[in-house]
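Thank you all for coming; please have the sequence and the model open while I talk.

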Amino acid sequence: MKILVPLKRVADPDNANKVKIPADGSRIETTGLEWKPNPFDEYALEAALRLTEDGKAPKVRAGEVVVVTFGPAETDTTLRAALATGADRAIRVECKDEELDGLVVARALAKLVETEKPDLVLLGKQAVDGDTNQVGQILAELLDWPMATFAATIREEAGGLLVGREVDGGVYSVRVKFPAVVTGDLRIVNAQSVYSLKTDKAFKYADGVRFAALPAIMQARKKPLLVKKLAELAAGAPVARYLKYEAPPQRKAGIKVKDVDELVSRLKNEAKVL
Amino acid sequence: MSSQPQNRYKADLRDLHFVLFEQFRLGEVLGKAPYDAWGEEEVKLTLGEVHRFATEVTGPLNGVGDREGCRLDNGVVVTPKGFKEAWQRLYESGFKSLGVSPEFGGQGAPRALSVLAGELAAGSNVAFDMYPGLTVGAAELIEAFGTHEQRDKYCGKMFGGQWAGTMCLTEPQAGSDVGAATSFARKNADGTYSITGTKLFISGGDQDITDNIIHMVLARTEGAPKGTKGLSLFIVPKRRILADGSAGASNDVKTVSLEHKMGIKGSSTVLLQFGDDGQCIGELCGGEELQGIRQMFRMMNYARIGVGLQGLGIASAAYLSALEYARDRQQGSSAKEWKNPDAPRVAIIEHANVRRMLLWMKAQVEGIRALIVKSAIHLDQAAVLAGKDDKTALYHQGQVELLTPLIKAYASDMAFQVSEAAIQVMGGVGYTQDYPVEQHCRDAKIFSIYEGTNGIQALDLVARKLGQAGGANTQRFLGDLAKFVAEHGSHPVLGPSVQNLGKAQEALGGSVMQFLQWAQVGEIDRVQLQANRFLTMMSELTVGWLLCDAAVIAVDKQKALPEGDPDRLFYEGKKQAAIFFASQVVPGIVGAAKMIATGDRSAIDIPTAAFATV
Ligand SMILES: Cc1cc2nc3c(=O)[nH]c(=O)nc-3n(C[C@H](O)[C@H](O)[C@H](O)COP(=O)(O)OP(=O)(O)OC[C@H]3O[C@@H](n4cnc5c(N)ncnc54)[C@H](O)[C@@H]3O)c2cc1C
């Protein structure tokens, strides 16, 4: 199986307070920010690696995972980390952050799919910076491929996947035939969430995203990293323009209520939610 | 995931990067043999992954290990839940073979990277880290001194985590005085040795993690001279090794008892009985008898720096825990509002006394980190220059020799003091098991005792290291410091701090002269009486120097950043920590030198019977 996994770097979510908007609201200040891979994208990569190996012998690859990111040269770091974790090849689409939005990225990915011809595009369900949750869906539409979003479990079957989707109150199973688009949710990295055809169903992974093993870190530099131009992939696509940024209003301090009656009355009369 | 224990460990990766790349310019050795495979990207990726391992795997087990401890079940040690799995994951990840040579599957990383990876490993779970830590140490002994056959037989399996290793020096009557060991090795006709004896306090002496344990045992051969000169080093497996390299029947090494300790409870400390039934077979490490102490000594520097790292890891963890709590805990109001009973509550970090404790902790932690990385960079430079510029390489090696007792003793003393201060900062909750700092404090106490007590380190410093190479190492060290003082004594921000270093250096030099004088007239006991104090003085001076050195860099870097860049705060912290240490700690060195100069010898003069008449 060949899988394409798009990765995005985001401002370190553990240091979200460092994200600042200048007084004129013209942009988000990015100097001095620490970048981390978007956690959901790391989960997607983990799931993709599990689908292309036998869990018992993960050093032998049984498929190909190609990671792709959009950004300036410094985003190579994000790709190298993915290569160190186990991805086989990387592509960076050279561009500036301002040139991107969900639609542009989806169009460029659709174009990449034409040449890469993956069986599956596996994405994080959303990036934790803009939280837009749309690239996977737009991409499936552009490609006219079957799609399963918010995957909590994935099982490989002959010619397709059985995907357990997170829905309110449970997990909803769908079958998709290759080629397909899948977006992953939090639980996709649990110990028994993803099985390739090769991996024994009794096998348990360690919870979470695997570590980049030291020998693999040292090999990452030797793995292929291809650079493409955004203009070649998404020529003439319109980009959303942001008019103004503002921080969300500060949360007001809470209050203590005497009893349930007061709570109900306040919810009804002040908050007007009942 | 939810049923799993919570991680409490936190590390300051920003400072780790600063010390490596900005202060000690690791970039200068990267890409050069023997570190040609290493670039900045690999170093940062590695630290990032080791950090993740520390917070996701070993960190969550730290409290578990402390509460569960080890137990002895039918002569076999049972380690805390999760240790075995953590060991497996550690060796899958390859992080423990960072510094191991490529010959044995390692990555031959620069020491400066290995030590900071060591900080993260020890800081997240020092008890767990003892098992792989000693295993690496034991394997390095065989790598350095074993025969070809022994290297083939043991090193790969030990570096790879299939087998563990221990160091067996201590015996009931031979603690600090290693030369008093009486374990005996009788040569057999086939060239092997039959080992008999008792080894006490052996870390990792038994466990249920690996299927074999390779004990490195100091013992006496037939007719060996008295003292350390009569010791030879033996490789003694727990289970006999079969022809195919797998572990076979018992080798007559019995775990007699397990210590119940103040801290590092997840690390087993046992009494081992070798050859009770006359069936314990060992191999001489290398081809020659009576080389044991020399071989051990070669490895001692690394082991002692390793203990310093344990101290750094715990001190940093305790500091960051206390800091997090102090930013959050509301108590009292601002001192400026002392007249106003309705003044808003403030976080305890707003109180001057709490800030003082926290800044003291920060300065100690970051200064000790710089001290350890300094010595590691000296080793890396020595490795890069070897064969190209042996004279300079020798200078670097000499600095490591000199700094090692400071690292071992000062970092371990401060680990205990910093974690004690962490408890104090947090008040009552710091004393409870709801927070990790009381465990840090208990865990840290052992660091000043094992691997040569800090009393022994101080003697090593004054009696051996100061005068080593005809005093050249010390002179070069003081010369480097004097150069820094001359260069930055009128620095616009740090000038007064740097001048304090100059005064302290002069005072320290005075104490050295005083020691020489006493030594010349045979009053060695006066020197010994003051050795610990001197070690602390020299450590504080070095830490003060390295903090000021960092601050000089930080002031420049801060200036170059635009207003509002979050990294400006990081540099501000470096600057303030240096100023604090230079004005609140360094001047004490001058006072301490005065105390030495008085020549007070009451602790010697007091009759032993007069300490108490009960
Ligand atoms: C948890 C733990 C783990 C350990 N792990 C190991 C291990 O893996 N392998 C191993 O071989 N050993 C190990 N040890 C033993 C440890 O190295 C010794 O405890 C240590 O060397 C001190 O020896 P001692 O306890 O006999 O103390 P002593 O030697 O009796 O010392 C007691 C005091 O006297 C002082 N003193 C002794 N001699 C002198 C002197 N000549 N001059 C000045 N002061 C002196 C010491 O500084 C100390 O303050 C471990 C100990 C513990 C507690």
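When I call a residue near a molecule, I mean that its C-beta atom, placed from the backbone, lies within 6 Å of that molecule. This is a predicted model, in which local features need pLDDT of at least 70 and side-chain atom pairs count only at pLDDT 80 or more, while totals for chains, interfaces and linings use all residues. Residues are numbered from 1 along each chain as its sequence is written, and chains are lettered from A and ligands numbered from 1 in the order in which they are written.

Around the ligand there are 19 residues, of which Leu169(B), Gly175(B), Ser176(B), Thr453(B) and Gly455(B) come nearest. Two or more residues of this shell are given by each of strand S3 (164-168), strand S5 (193-203) and helix H11 (454-465) of chain B, where helices (H or I, at least four residues) and strands (E, at least two) are DSSP runs numbered from the N terminus. The shell holds 10 nonpolar, eight polar and one charged residues, with Ala, Val, Leu, Ile, Met, Phe, Trp, Tyr, Cys and Pro counted as nonpolar, Asp, Glu, Lys and Arg as charged, and the others, Gly among them, as polar.

Turning to the fold, chain B has 17 helices and 14 strands. Its C-alpha trace spans about 85 × 70 × 65 Å along the principal axes, and 52% of the 614 residues in chain B are buried, that is, 20 or more other C-beta atoms, placed from the backbone, lie within 10 Å of their own.

How is chain B divided into domains? The assignment, which is automatic or from a database, gives domain 1 (13-158), domain 2 (163-292) and domain 3 (464-600). The centres of domain 1 and domain 2 of chain B, taken over C-alpha atoms, are separated by 24 Å. Their contact takes 34 residues from domain 1 of chain B and 29 residues from domain 2 of chain B, two residues being in contact if their C-beta atoms, placed from the backbone, lie within 7 Å. On the domain 1 side, H5(B) provides the largest share, 13 residues, and that side divides into 21 nonpolar, nine polar and four charged residues.

Finally, the contact between the chains takes 18 residues from chain A and 23 residues from chain B. On the chain A side, helix H2 (76-85) and helix H5 (214-219) of chain A each supply at least two residues.

Conventions. A residue is buried if 20 or more other C-beta atoms lie within 10 Å of its own, exposed if 12 or fewer, and partly exposed in between; C-beta atoms are placed from the backbone.
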